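Have the viewer ready, and let's begin.

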Amino acid sequence: MMKYYVNENCIGCGLCTNLCPEVFEMTDEGVSRALNIDTDIDAAQEALSECPVNAIEEV
């Protein structure tokens with residue numbers, strides 16, 4: 001199980017929220033954030049690897 005963190009590189013493209021809405025959501029500021037949950041959902045790992053600005057980290 002992993003937790004994820006979205007750092008300040010996020011540009012709000014929405015890729016992670018589209019791939020894995022169970023883990024990522026858009027904020028009122030127009031960027032993404034990771035929900036504070038442990039997960040083993042494959043789509044969360046896919047979002048990490050596909051993020052165009054490397055804004056997603058495993059914590």
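A residue counts as buried here when its relative accessible area is under 20%. Please keep in mind that the model is predicted.

With that cut-off, which residues of helix 2 are buried? They are Ala43, Ala44, Ala47 and Leu48. These residues cover an arc of only 150° around the axis, so they lie on the same side of helix 2. Their cover includes strand 1, helix 1, strand 2 and strand 4.

Stepping back, the protein has 2 helices and 4 strands, and their order along the sequence is β-α-β-β-α-β.

| Element | Residues |
|---|---|
| Strand 1 | 4-6 |
| Helix 1 | 15-19 |
| Strand 2 | 24-26 |
| Strand 4 | 56-58 |

The largest nonpolar core holds 15 residues, and Tyr4, Val6, Cys20, Val23, Phe24, Ala44 and Ile56 have the most contacts inside it. Strand 1 and helix 2 (42-50) each give at least two residues to this core, with helix 2 providing the largest share, 4 residues. Leaving aside residues up to four places away in sequence, Cys20 touches Ile41, Ala43 and Ala44.

As for the whole protein, buried residues account for 36% of its 59 residues. A compact globule with 59 residues would have a radius of gyration near 10 Å, and the protein agrees because its value is 10 Å. The C-alpha trace spans about 25 × 20 × 20 Å along the principal axes.

Technical notes:
Residues are numbered from 1 along each chain as its sequence is written. This is a predicted model: local features need pLDDT of at least 70, side-chain atom pairs count only at pLDDT 80 or more; totals for chains, interfaces and linings use all residues. Side-chain values use heavy atoms; hydrogens and water are left out. A nonpolar core is a set of buried Ala, Val, Leu, Ile, Met, Phe, Trp, Tyr and Cys residues joined through side-chain atoms within 4.5 Å. Buried means under 20% relative accessible area, exposed over 50%, partly exposed in between (1.4 Å probe, protein chains only). Contact means heavy atoms within 4.5 Å. The arc is that of the directions from the helix axis to the C-beta atoms. The radius of gyration is taken over C-alpha atoms; the globule rule is 2.2 Å times the number of residues to the power 0.38.
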